[in-house]
Amino acid sequence: MTKPNVYFPNLNGLRFIAAFAVFIHHNEQLRGLFHLNNFWKKDSPVFLIGKLGVNMFFVLSGFLITYLLLQEIKVNGKINLKNFYTRRVLRIWPLYFFMVFLGFLVFPNFSLFNLPIDFHPKLSIWIGYLLYLLMFPNLVSPLIGDFPFISHLWSIGAEEQFYVLWPILIGITQIRNFWGIFSLIGIYLACEILLKLDLELWFILDKVLSAIYYVFNYSSMLIGCAFALVLFNKNSALKWLQQLWLFWSVTIILVWLIANGIRFPFLHFQIYSLLFGIVILNLASNSNISRVLEGKPFRHLGEISYGLYMYHPACIVVVINIFEWIGISNHASQFSFSFGLTYIVSLLSYRLFEKKILALKERFY
């Protein structure tokens, strides 16, 4: 098998921006739990920014994985599923299961990680453990409740489940054409609309399905897939989508929407996903802006963004607890030290742990 030679500029920087948005969201949320002054409130920019950071990750994941799979088919004539899944396991599983281990067995035993809340699971805590170990963390919150320090792993589970299904669909069906992918998006959105109608005949089933359905978030990933198809197939819409005025207009609109905490009453994440898709497509392929996020700091921070995302809640709580013990309440100082600690832990994790495992991926092309 020949390794598909694909590199998109700017996307490492975009990964960091998404991870930093989630960091801001959780920092203010955790300050609220500790009854410290904070900017956390529903429908505020801070409340919105974290959810949209994850949403951007989903669009980016759908875009990248689809383009790489299509390129593999072009170069080798087929998708090597065994190698694909092995590469995904090497990238995602080591840090994921390390965090699960810390969340179950380490964090609860040290006062540095104390939270001013009690965790009362809706069902047996062992069901939650099992769901995490089976890579279904996105079902834990709606069914069990939020496990401290690892509840944000739900997004990793959603992506992994998508990665299991998507290469099979692309490899053995006509999903690789526009009718196929738009049909999937249509089916997904139709189901979401039915759930949002809150029909009385659904009774409790409606509530359960809604809670589970929304955490899979496949529509955002599918929208990212659609933009990858536009780029790969050099669709007639590509020239229009790559116009600089459109890129900068969408970027400005996104900044304004997020800064004002704008939430769309219907298809909220899908509308943002479309806007993110235009930005991602241009950053990845528009030669006029190929260096916007390619500076060394952005590329470096993007490289360790997986760790930044995984470790940040624990690092924030450690800093808040230390600051409380020594009597420091300054908001900006806590934010800065929390991000600094997250950066150091993520950098060490990448260099001493993740990078060595990632090197093994080269064997599976």
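I looked up charge pairs and found that the structure holds 2 salt bridges. I counted a salt bridge where a side-chain nitrogen of Lys or Arg lies within 4 Å of a carboxyl oxygen of Asp or Glu. Side chains of opposite charge can pair when their charged atoms come close.

Ground rules. I am working on a predicted model, where local features need pLDDT of at least 70 and side-chain atom pairs count only at pLDDT 80 or more, while totals for chains, interfaces and linings use all residues. Residues are numbered from 1 along each chain as its sequence is written, and side-chain values use heavy atoms, leaving out hydrogens and water.

Entry: glutamate 72 and arginine 87. I found their side chains joined in a salt bridge (3.6 Å, N to O). Glutamate 72 sits in helix α2 (residues 45-76) and arginine 87 in helix α3 (residues 81-106), so this pair ties together parts 15 residues apart in sequence. Helices here are DSSP runs (H or I, at least four residues), numbered from the N terminus. Buried or exposed? Glutamate 72 is buried, and arginine 87 is too. Buried means under 20% relative accessible area, exposed over 50%, and partly exposed in between (1.4 Å probe, protein chains only).

Entry: arginine 91 and glutamate 354. I read 3.7 Å, N to O, for this salt bridge. Arginine 91 belongs to α3 and glutamate 354 to helix α15 (residues 331-358), so the pair links parts 263 residues apart in sequence. I noted both residues as buried.

Entry: α1 against α14. Helix α1 (residues 11-33) packs with helix α14 (residues 305-326) at about 20 degrees, their axes 9 Å apart. That makes α1 roughly parallel to α14. Angles under 35 degrees count as roughly parallel. The axes are lines fitted to C-alpha atoms over the stretch in contact, and angles run from 0 to 180 degrees between N-to-C directions. The crossing is right-handed, meaning the near helix is turned clockwise from the far one by less than a right angle. Among the residues that meet are Phe16, Val22 and Leu30 in α1 and Leu308, His312 and Ile316 in α14. Contact means heavy atoms within 4.5 Å.

Entry: α1 against α13. The axes of α1 and helix α13 (residues 296-303) come within 7 Å and cross at roughly 65 degrees. Which hand does the crossing of α1 and α13 have? I logged it as left-handed. Asn12, Gly13, Arg15, Phe16 and Ile17 of α1 touch Phe298, Arg299, Leu301, Gly302 and Glu303 of α13.

Key:
Helices (H or I, at least four residues) and strands (E, at least two) are DSSP runs, numbered from the N terminus. Angles under 35 degrees count as roughly parallel, over 145 as roughly antiparallel, 65 to 115 as roughly perpendicular and the rest as oblique.
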